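Subject: Handover of a structure

Dear colleague,

Please find below the structure that I am handing over to you. My notes on what was found in it follow, and I would be grateful if you read them with the model open.

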Amino acid sequence: MILTNQKPDNIGAIASTLCLIHCVATPFIFIVQSCSITCCGTTPTWWSLIDCFFLTISFFAIYRTIRTTAKIWMKSSLWSSWFLLLLIIANEKTNWFALNENLIYFPALALIALHLYNKKYCQCNKTKCCTNEG
């Protein structure tokens with residue numbers, strides 16, 4: 001928790017990047033698995049739990065980030081991207097709707113970009129604060 005208090009944008013960008021790598025790697029891992037072992041067609045439980053782990057980390061990173069950002073649109077963009085990522089992952093696990101699996105990349109990339117943008121342009125600190133415009 002100390003890390004999310006000090007550098008939430010760094011943690012958020014790293015967690016989102018690792019989540020994106022996880023999403024990109026999944027199809028390749030299962031292709032290799034299906035070629036080597038034809039008995040199992042389901043995702044291992046530990047691999048599915050990584051989604052929840054990244055969502056939890058990114059939740060706390062966003063929670064801390066919105067406390068130090070000066071842009072209102074940044075707050076709503078971060079939460080919207082996180083919520084969309086949550087919905088896509090929940091849909092993937094429950095199959096509510098038929099969605100293209102590639103949709104998961106958009107909110108993950110948006111979270112990375114938003115955290116990096118916020119880190120560079122929107123941080124408030126004790127000596128200065130960026131403008132609250134936009």
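Predicted model: local features only at pLDDT ≥ 70, side-chain atom pairs only at ≥ 80, totals over all residues.

A residue is called buried when its relative accessible area is under 20%, exposed when that area is over 50%, and partly exposed in between. Tryptophan 79, with a relative accessible area of 25%, is therefore partly exposed. This tryptophan belongs to helix α4.

Overall fold

The protein chain contains five helices and zero strands, and its pattern along the sequence reads α-α-α-α-α. Of the 134 residues in the chain, 31% are buried.

Helix α4 and the residue after it

The buried residues in α4 are Met74, Leu78, Ser81, Trp82, Leu85, Ile88, Ile89 and Asn91.

Just after α4 comes asparagine 95, with a positive phi of about 60°. Please note that this positive value occurs in a residue other than glycine. Asparagine 95 is located in the loop between α4 and α5. Is asparagine 95 buried or exposed? Its relative accessible area is 60%, and a residue counts as exposed when this value is over 50%, so asparagine 95 is exposed.

Helix α5

Helix α5 consists of 17 residues, and the distance from its first C-alpha to its last is 24 Å, close to the 24 Å expected at 1.5 Å a residue. Its buried residues are Pro107, Ala108, Leu111, Ile112, Leu114, His115 and Asn118. When one looks down the axis of α5, these buried residues fall within an arc of 165°, and therefore they line one face of the helix. Phe106 and Lys120 are exposed on the other side of α5.

The nonpolar core

The largest nonpolar core has 15 residues, and the members that touch the most others are Ile62, Leu78, Leu85 and Ile104. At least two residues of this core come from each of α2, α3, α4 and α5. Which helix supplies the largest share of this core? That helix is α4, with six residues.

The cavity

How many cavities of 30 Å³ or more are there? The count is one. The largest cavity holds about 50 Å³ of space. Its lining is made up of Ala15, Ser16, Cys19, Asp51, Phe54, Leu55, Ser58, Leu85, Ile89, Ala108 and Leu111. Two or more lining residues are given by each of α2 (8–36), α3 (45–68), α4 (72–94) and α5 (105–121). The largest share, four residues, comes from α3. By type, the lining divides into eight nonpolar residues, two polar residues and one charged residue.

Yours sincerely,
A colleague

Notes. Residues numbered from 1 in each chain as written. Heavy atoms only, no water. 1 Å grid on protein atoms, 1.4 Å probe; cavity = no way out; pocket = protein on both sides within 12 Å on 5 of 7 lines; lining within 4 Å. Points joined across faces, edges and corners; volume = space filled by probe spheres on them. Nonpolar A, V, L, I, M, F, W, Y, C, P; charged D, E, K, R; others polar. Expected span 1.5 Å × (residues − 1). Buried < 20%, exposed > 50% of the residue type's maximum accessible area, 1.4 Å probe, protein only. Arc of directions from axis to C-beta. Core = buried A, V, L, I, M, F, W, Y, C linked by side-chain atoms within 4.5 Å.
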